[in-house]
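Subject: Structure handover

Hello,

Here is the structure I said I would pass on. Please open it alongside this note.

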Amino acid sequence: MTKQTSGTKVTAIVGPYSSGKTTLFEDILFTAGAIPRRGSVKNGTSVGDASPEARARAMSTDMNVASFAYLDEPWTLLDGPGSVELLYDAQCAMMVADIVVVVCDPKPERVVTLSPLLRFLDDQSIPHFIYINKMDHEEASVRATFEAIQTVSARPLVLREIPIRDAQGQLTGMVDLVSERAWHWEPHKKSELIELPVDLAEAEDEARNTMLETLADFDDALMTELLEDVVPSTSEVYANLVQDLRDDLVVPVFFGSAENENGITRLMKALRHDAPNVKQTRSRLGLPDTGQVAQVFKSAFAGKAGKMSFARIWADDISDGDTLNDMRIANMRTHLGGKSDLTGMASLGQIVSLGRMNTVQTGDLLTNGAAIDAYWPKAPEPVFGVALQTEHHADEVRLSGALSRLCEADPSIMARHSQETGELILSGQGAVQLQIALKHLEADAGLTLSQTTPAVAFKDTITKSTHQKARHKKQSGGHGEFADVEIEIKPLPRGDGFVFDDRIVGGAVPKQYIPAVEKGVRAFLEKGPNGHPIVDVAVTLVDGKHHNVDSSEMAFQKAAIKAMTDALPQCKPIRLEPIHKVTFGVPSEFTPKVQRIVSGRRGQLLGFDTKQGWSGWDEVQAMIPLAEMSDIVTELRSVSLGVGTIASEFDHLQQA
């Protein structure tokens, strides 16, 4: 790869599931000459999505990385997964990119699926293009899609080209609105420069003026020229486009057909000439420009090869043997899909994997000096979980290590032991993500795992007060066991927990044995007769008897447990279930569907309002029993084109 003073440019390609971004990824590699033949995602021959899991699902399950040279300049492409459940992986790719290409299909009703991506790009001020794919499909409309996308983009869109169509309405080429030149397209062939069709002159002029008016909003000199009917030069228009893009003021829009390899070269030229370079991106991110600086944006584990940390070089060359963050760099590799090559050195802008950086986490900044903190987006909170079981108890040690590696590789996944149910819970962003994770777990640890829906931590409580006496007496050779207690049991207000007191007078129960009574009561309440904890109970030790020889702490514990066991049926116990306060975020058009989800799951709707900072979105709040929420995120996404968000937290217990 040719080393350039401006460094390697990095482009992230992202888009909703089935938008065709991995096909575009393949097209760019083929057009650049990085691969000898164009593979197919459908046939399982593409450079991207090469893992068995990605092939089986016909979808990106991991980030694809490809470094190559194009016109003697070094490039790296990052292809982020399209599933909303794997969004964090795509966000990590966008964070280290100079520019992002957002791929979508030409269906106006589906542009809402771009919302999570465009929102992230706008929040992080990352320059980006939009590529409307699949324009070879019937009824595909650039204008309708463009207008729909503008409703979900906080930045003004700038249409860079308009389509040329034949008499049957089929797409046959495009007109560039900056150079005002036209190209003819044919599937899998290079585009051909042609004369601007006469019947498009008026439409081209109108579209170009719209583009110029948008650019003039950010440039007073251009605005003056337009007001005075002065035609700006091509170079001036181009300079405005490039500067506004790099400042993240506008979003240029291109179109084509990745399946037919149409519009690819035009997009690549725009990426080559318009995208910021690594120094400009480094400045935007506020990262150091001196010394050795690299940033880890992805962690992975590759069997016996161990941990790989994918990093971008932000300043100065880095070589095998150098020390960053007190760790020695080794086994540095460049990647082209599933293939990798050892490289002794990485230069400005490059993306490489570093071997066995065991203490490094995703987002860490690596330096040869003092530690530096850098902003990195927080992984989303889990919204879906499964309970895991191994075939044999002895396998749990291997599973523990594999879970640790899994959660390190994907911070949006979490593993924990539930203290309330005793289950091992693996939680993440949805069922698909966890199914993929389980495949990795089984392969990594060599285990067979089963999964179930996590149990709900029900609790019991009482509704009536009572008094109860109990005696524990046991006589055998030597000292026996004796304890006599009388307790008073009362229900407490919901949420007050457990209170223990005593009203012993005259030493009926010696002071040293009173804690043992409390211990016995607590032991009973922890599990109760049905295996559920009993809460919101007050127990008072009011009387008792002891024996100078046979009484002991253990005897009083047993007497307390017996008293609680005998008393509970008289207290009219009831079952309590946890209720969560749930907040849904959805485009306003889906709010009625969310309300139906709430009512269908024994929920109580609290209300809804405009989601702050999200144009056209609502926030719906409700109280829903935890027992009804195991798959609620799946239903939410099914009614909101996959973009609905959910957050929940325990609020209270109520009678089941």
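Below is what turned up, from the overall picture down to single residues.

**Overall**

Please keep in mind that this is a predicted model. The protein has 16 helices and 34 strands. Its C-alpha atoms fill a box of roughly 110 × 60 × 45 Å along the principal axes. Of the 656 residues, 53% are buried. Among contacts with a separation of 6 or more, 72% join residues 24 or more positions apart.

**Nonpolar cores**

The largest nonpolar core holds 73 residues. Those that touch the most other members are Leu78, Met94, Val100, Val102, Ile130, Ile149 and Met211. Helix α3 (residues 87-95) gives the largest share of this core, with seven residues.

Leaving out residues up to four places away in sequence, Ile130 touches Val102, Cys104, Leu118, Ile149, Leu157, Val251, Pro252, Val253 and Phe254.

**Helix α5**

Helix α5 spans residues 142-150. Its buried residues are Val142, Thr145, Phe146, Ala148 and Ile149. They sit on the same side of α5, because they cover an arc of only 165° around the axis. What do the buried residues of α5 pack against? The list is β4 (99-104), α4 (115-124), β5 (128-132), β6 (157-159), β7 (161-165) and β11 (251-255). At the start of α5, a side-chain oxygen of Ser141 comes to within 3.1 Å of the backbone nitrogen of Ala144.

**Aromatic pairs**

There are seven aromatic pairs in the structure. One of them is Tyr513 with Phe556, and this pair is stacked. The centres are 5.0 Å apart, with 20° between the planes. Tyr513 lies in the loop between β29 (498-502) and α13 (514-527), and Phe556 in helix α14 (residues 553-567), so the pair ties together parts that are 43 residues apart in sequence. Both Tyr513 and Phe556 are buried.

Trp614 and Trp617 form a tilted pair. Here the values are 4.7 Å centre to centre and 55° between the planes. Trp614 is buried, at 18% relative accessible area. Trp617 is buried too, at 5%.

Elsewhere, ring pairs link Phe68, Tyr70 and Trp75 into a cluster.

**Two buried aspartates**

Asp98 is in the loop between α3 and β4. Is Asp98 buried or exposed? Its relative accessibility is 1%, so Asp98 counts as buried. The side chain of Asp98 makes a polar contact with the side chain of Arg312, at 2.9 Å. A polar atom of the Asp98 side chain also lies 2.8 Å from the backbone nitrogen of Val10. Not counting residues up to four places away in sequence, Asp98 touches Thr8, Lys9, Val10, Pro127, Pro276, Asn277, Val278, Thr281 and Arg312.

Asp395 is in the loop between β22 (384-390) and α11 (396-409). At 12% relative accessibility, Asp395 counts as buried. Its side chain makes a polar contact with the side chain of Arg398, at 2.9 Å. Neighbours within four places in sequence aside, Asp395 is in contact with Thr390 and Leu447.

**Backbone angles to check**

Most residues other than glycine have a negative phi. Which residues have a positive phi here without being glycine? Asp229 is one of them, with a phi of about 60°. Leu641 is also one of them, with a phi near 55°.

Asp229 is placed in the loop between α7 (220-227) and α8 (234-246). Its relative accessibility is 68%, so Asp229 counts as exposed. Leu641 lies in the loop between α16 (632-639) and β34 (645-655). Leu641 is partly exposed, with a relative accessible area of 33%.

Best regards

Definitions and conventions. Residues numbered from 1 in each chain as written. Predicted model: local features only at pLDDT ≥ 70, side-chain atom pairs only at ≥ 80, totals over all residues. Heavy atoms only, no water. Buried < 20%, exposed > 50% of the residue type's maximum accessible area, 1.4 Å probe, protein only. Helix = DSSP H or I, 4+ residues; strand = E, 2+ residues; numbered from the N terminus. Arc of directions from axis to C-beta. Contact = heavy atoms within 4.5 Å. Polar contact = N/O pair within 3.5 Å; in protein donor to acceptor, adjacent residues only side chain to side chain. Core = buried A, V, L, I, M, F, W, Y, C linked by side-chain atoms within 4.5 Å. Phe/Tyr/Trp six-rings, centres within 6.5 Å; stacked < 30°, edge-to-face > 60°.
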